[in-house]
Amino acid sequence: MAFSRKDKLKYRFERYLNKGGSSIFMSLFVVFMVLFILIIGIRFLMLQSNPDLAHPDHGSFWDDIWATWLQLTDPGNMNQDNAAPSWLKITTILSGVVGVIILSMLIAFITTTLENVFYNFRKGRGKVIEEEHTLILGWNERVVDIIRELIIANESEKYASVVILSNEDKEEMDDLIAKRLPDTKTTRIVTTTGDYANINELKRVNITGAKSVILLANCSESSSHADKLGSDVLAVKSIMAIISCQDGTNDIPIIAEIFTEEKREIISFFKDDNIIALDSWDIMGKLLVQTSLTSGLEMVYNEMLSFDGCEVYFYEDKWNGVKFGDLPYHFKDGVPLGVYNEEDGLRLRPEEDYQLVKEDQVIILAEDDSTINFESSPIIKPVELKLSGKKLEQRSKNILILGWHNVAEIFIRESADYLTAGTKVKILFNEPSDELKSKVNQMKKAYTDFEIELVNSDPLKLENLQEVDPFANDNIIILSQNTEELSADKIDSDTLIILLLLRNIKNESGIEVTTNIITQVLNSENQEIITQTDVDDFIISNKLITMILAQLSEEPLIKALYDDLFSEDGSEIYVKPADLYFSEFPQTVRFGDLIGLAGKREEVCLGIRKGAMSKDSDSNFGVRLNLPKDEKVKIEEGDFLVVLSEDEL
């Protein structure tokens with residue numbers, strides 16, 4: 001096909017303009033200069049053909065050139081030719097008109113360009129110059145809590161930074177962070193908008209200089225399967241982009257929220273210990289089961305998982321052949337939980353006579369890594385205490401679930417490993433969908449030892465709660481009242497209403513109840529409101545998930561600990577009644593003596609819980625972990641020991 005010269009020139013001109021702002025500016029400048037030369041040429045020809053047209057104030061033609069330039073750049077200078085002959089004023093008029101048109105175009109172009117520059121500044125599209133930063137990819141309701149934990153973790157550093165790359169509007173991100181986190185201490189928070197699965201965008205935020213990456217899901221657990229699958233696909237693509245930015249070899253810890261087992265398996269194909277695919281809600285379901293077995297567990301995990309309190313560290317030293325049973329007494333600060341080495345992996349609660357070797361790292365619960373120090377000689381000698389010998393019996397339970405969340409399915413699945421046959425699970429939900437009915441029917445077939453019942457009833461109505469006699473159950477678990485994707489505050493508001501209704505029923509009954517009320521709290525800022533009710537335990541789901549994500553970003557090796565703690569086959573943390581250890585009360589003993597006493601049950605004592613303070617938020621609901629070994633504590637009836645144990649018995 002033949003193209004005309006006109007079409008070719010037009011095409012080339014369009015291609016030139018498409019190169020960007022510089023080509024447009026140069027085009028306007030060239031047009032301006034051509035017209036300037038043209039007008040000067042016309043003026044020169046007019047003066048050459050008729051010298052009488054010369055301006056009386058101009059000594060040479062250079063004065064005419066200067067006057068024309070001034071008239072082009074500022075039409076107000078046209079009055080300089082007031083004394084010029086009328087014919088010469090034709091060039092003056094041309095200069096003014098051309099100047100107005102061309103300069104207006106230039107001013108408009110410059111204004112538009114500056115607006116785009118400032119727009120990009122506001123949208124955070126500039127290059128991020130940070131090193132050793134924690135990079136958060138994506139945005140969801142947990143991001144503020146993650147940043148809060150990282151701020152605490154970075155307090156000991158002089159300069160630290162967190163960079164957030166997401167598809168959200170930068171101004172909205174900045175406004176929310178400024179509102180929720182007014183004091184970021186030593187941590188700079190940098191937000192930027194972009195596609196975090198794009199290699200160029202990852203390079204823009206200096207992915208290769210990042211200390212770690214937290215890859216957030218872009219939807220919630222209550223979203224549709226299609227949305228969750230889309231989130232997982234984007235996460236896998238992002239991981240591949242991160243590896244590509246490092247020339248195919250990953251050296252950065254990547255912590256990713258992944259909903260589906262299929263995509264977690266795909267991520268495992270990378271065979272990279274630095275890449276951790278986390279099923280957050282599976283952990284929450286297991287924690288919900290453990291909390292239903294032992295009250296106060298959420299507060300224990302809240303302190304262990306947060307950077308603000310006792311933390312778990314991997315510590316190595318010259319052990320001098322010390323036995324694990326004697327190891328706690330060689331630390332002024334810290335309670336050893338187990339050992340880790342490359343060959344054997346993680347071992348929690350090894351035998352008391354296990355002799356540590358130089359390759360071992362100790363997993364230790366301590367106030368700070370700077371306070372951990374292995375003493376060659378024991379700091380105290382524990383007193384031999386008599387163990388009561390009492391044990392709890394595994395039994396069936398009656399459980400009332402008010403509402404529904406996918407975590408309930410995990411709860412029932414995990415409960416099958418802890419509770420005996422005859423356990424009854426009643427689920428109250430308003431107008432359950434066919435999908436929920438199908439799920440319950442599937443669980444009935446899968447867990448034949450359990451009696452599972454779905455009741456179409458609205459837990460937000462007092463008469464419906466009274467009808468099911470809630471305090472005849474061992475546990476009441478309060479979850480979301482809607483399977484649709486709702487805000488965390490809306491779900492927590494419904495939870496608060498149900499708690500108030502339950503308190504009313506309890507007060508009206510006039511009898512002492514032993515039912516344990518456990519509720520899921522999504523927004524950590526609602527904790528103080530929730531504690532005003534009679535709730536026994538609350539699991540701040542989003543907060544605990546963010547703590548896990550933040551800790552893994554700082555120490556990926558801790559994933560092995562989580563896998564063990566939240567597995568029924570491994571060691572778990574329990575808050576056990578003190579009468580399993582003592583026959584008489586009160587008892588005044590040192591914390592170091594409690595460690596020795598728990599060791600007789602092949603357990604590790606992490607701390608205590610005072611029963612009289614179980615409702616006091618100011619004292620962390622009675623929970624104290626990692627006490628000084630020589631501190632004397634008074635153990636009374638109704639108190640508890642926080643232990644790492646094989647089971648809850």
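A residue counts as buried under 20% relative accessible area, as exposed over 50%, and as partly exposed in between, with a 1.4 Å probe and protein chains only. By this criterion W319 and F374 are buried. The model is predicted, so local features need pLDDT of at least 70 and side-chain atom pairs count only at pLDDT 80 or more, whereas totals for chains, interfaces and linings use all residues. Residues are numbered from 1 along each chain as its sequence is written, and side-chain values use heavy atoms, with hydrogens and water left out.

**Aromatic pairs**

- The structure holds six aromatic pairs; rings of Phe, Tyr and Trp (its six-membered ring) pair if their centres lie within 6.5 Å, and planes under 30 degrees apart count as stacked, over 60 as edge-to-face and the rest as tilted.
- One of them joins Y315 and W319 edge-to-face, at 6.0 Å centre to centre and 70 degrees between the planes.
- Both Y315 and W319 are buried.
- The ring centres of W319 and F374 are 5.1 Å apart and their planes stand at 80 degrees, so this pair is edge-to-face.
- The pair links distant parts of the chain, 55 residues apart: W319 is in the loop between β7 (311-315) and β8, and F374 is in the loop between β10 (361-366) and β11 (398-402).
- One aromatic cluster is formed by Y315, W319, F331 and F374.

**Strand pairing**

- Helices (H or I, at least four residues) and strands (E, at least two) are DSSP runs, numbered from the N terminus, and two strands pair if DSSP finds at least two bridges between them.
- Strands β8 (residues 335-341) and β9 (residues 345-348) pair in the antiparallel sense over four bridges, and a hairpin of three residues joins β8 to β9.
- Y340 has L346 in β9 as its bridge partner.

**Helix packing**

- Helices α8 (residues 225-245) and α9 (residues 261-268) pack at an angle of about 10 degrees with their axes 10 Å apart; axes are lines fitted to C-alpha atoms, for helices over the stretch in contact, and angles run from 0 to 180 degrees between N-to-C directions.
- The contact (heavy atoms within 4.5 Å) is made by L229, D232, V233, V236 and I239 of α8 and K263, I266 and I267 of α9.
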